[in-house]
Amino acid sequence: MLVGLLGAVLGAKAQDEMWDKSASGRQHPNIQWFKEAKFGMFIHWGLYSKLGGVWNNKRYYGSGEWLMNQAKVPADVYAVEAASFNPVNFNADEWASLAKEAGIRYMVITAKHHEGFAMYDSKVSDFTIVRSTPYKKDPMKALAEATRKQGIQFGFYYSQFLDWHEPNGGGNRWDFDESKKDYQRYYREKSMPQLKELLTGYGPLGIVWFDMPGGLTKQQTQQLVDSLRVLQPASLFSSRVGQGLGDYRDFGDSEVPPAPINEVWESIYTHNDSWGYIEHDMNFKSPQEIIRLLANVASKGGNLMLNVGPDGKGNIPYYSVQYLKATGKWLQQNGESIYGTTYGFIPAQPWGVTTAKPGKLYLHVLDRPADGKLLLPGCAVVVTKVYTLVGKRVLSFTKKGTDVVVNVPGINIQSPNTVLVVEYKGKAPAYDTAAPVTVSAQFPVNTIEAVQAKTSDSARVKSLTYSHYFGDWKHAVCVTNMMGPKDEVRFDIRITDAADYKVILEYACNAESARQEGSVLVNGKEYLFRTLRSSEFDKSNPLMFIQHAVAITTIGQPGLYTIAVKPLQQGKELFKLKSVRLEPIR
């Protein structure tokens, strides 16, 4: 039976394997607002929010919206919880005002997550906030109106395939026999009708954010997309609609590409460790972390959509409110360097990252050089002026070849991100992916990432996905498969200061790979080391990286250098190399 076979295959897939990160490649006529928006708010809010990560007095950690799955709660037992779900503190205008104050340009909220509970007035199912709870109102209607009054694009998240409440929905294997499921019936009787309700009853939508595709062929997915486009032709569809048919690319949860890409894309992050509300999850990102994350994402050419998880009463967590407001204050002064930008033509430097607009390069200075001289390598344009974005303080600079050095003696190092503006004439040069990595003694640490490696023979650069708590996904780009002396990786670097540098290898190494010999070659001198065990690679557990100091090397003069790393003998994989760190000795 085809349906049963498909169910078995999907049942074996992990949560992260059901994401679709590919987009259609065709430019949607309404994509421009999204490319310029840069900062969105994700809201995960559902019946799980009332439970707060606790079931039968047991606390769960990670993705709170997966509580029903984690605890394997029977669908009929879980449904009873709706009778006491009453978010009386929900205030659509307050949520929309917070988003506006935070500098948010678009909002996406869960209309139905995997639990199958509709957070709006659906006529398709009784399992809704209007029909099954004492609240009896449609919060989505109010929020759609409130965001539009604030000039914020509004959209719905909808889990089109996973539905643990329905016998024919995807994902619930503890109640329902996968081999007997009829996915087409589920799409026909619930998923498609609810999507049509959302696309016809809430005004113009900026985004329909799909999640967890499955149960459909590419042709059937195309039919789904085509039928919904008729209802909302201006709305953008996320890539997780599946089969490469989305309008823009969503990376995995908490994932940012290691280098700029020429696509329209979005990175999604939780504010704490969970998407849905967990009462005992207090690990919130600080305003500095949010601002730096936003700058990093923008410097790669993408958007950041940051999630908040309101509780069962309709309150957005205190720290989310306060830290979003603090982010908004920074954006009020520095938003020019984020909104409407693309990635800058200068790759990431020890001091920070760059964004750009025509004729302007924005320097996001995250770490100040000790000597107050900021190097911009490969700046092959005619620079006419450099100044601070806040206060418009003009800064002096010098240029030698394609190097521009900006004097920043009075920069405020207390700021999470000080933005400088470089105005220039001429055509912006192309982003140079092969540019050597800058290493400077003016910074306490210089990190050379694995993505910047040139590999030989069997060595490969690969993004590894793992998790801390359930569904709390992390991603690390590493050099893998270094099995023998021919599997060498090389890093081209430009060292700007003569000094002694401590060479540190940051890697993960399992028990089988430990105690093998390796070699680091710097400036013609070879340094030997033996690998140290850190952790096994299991994507459902943390991947632990060790920072292994292996040598001190003396650089007598500034210039171009190469660092090469390889195993000394043929054997198991040497390690998973995340970075090489050079720390100046002071």
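Which residues does Phe39 touch, not counting residues up to four places away in sequence? This is a predicted model, in which local features need pLDDT of at least 70 and side-chain atom pairs count only at pLDDT 80 or more, while totals for chains, interfaces and linings use all residues. Residues are numbered from 1 along each chain as its sequence is written, and side-chain values use heavy atoms, leaving out hydrogens and water.

**View 1. The contacts of Phe39.** Phe39 touches Ala102, Gly103, Ile104, Arg105, Tyr106, Ile290, Leu294, Leu304, Leu306, Leu324, Thr327 and Leu331 (contact: heavy atoms within 4.5 Å).

**View 2. The largest nonpolar core.** Phe39, Ile109, Phe156 and Leu224 touch the most other members of this 93-residue core (buried Ala, Val, Leu, Ile, Met, Phe, Trp, Tyr and Cys joined through side-chain atoms within 4.5 Å; buried means under 20% relative accessible area, 1.4 Å probe, protein chains only). Helix α8 (residues 183–200) gives the largest share, seven residues (helices are DSSP runs of H or I, at least four residues; strands are runs of E, at least two). Another core, of 35 residues, lies apart from it and includes Val479, Val489, Tyr507 and Phe529.

**View 3. The open sheet of eight strands.** Its order is β7-β6-β5-β4-β1-β10-β9-β8, with parallel pairing (at least two DSSP bridges between two strands). The edge strands β7 (236–237) and β8 (249–250) each have a single partner, so one side of each is left without a neighbour in the sheet. Arg249 stands opposite Trp265 in β9.

**View 4. Helices on the sheet.** Lying across β4, β5, β6 and β7, α8 runs at about 170° to β5 (angles run from 0 to 180 degrees between N-to-C directions of axes fitted to C-alpha atoms, for helices over the stretch in contact). Helix α11 (residues 318–334) touches β1 and β10, and its direction makes about 170° with that of β1.

Conventions:
Buried means under 20% relative accessible area, exposed over 50%, partly exposed in between (1.4 Å probe, protein chains only).
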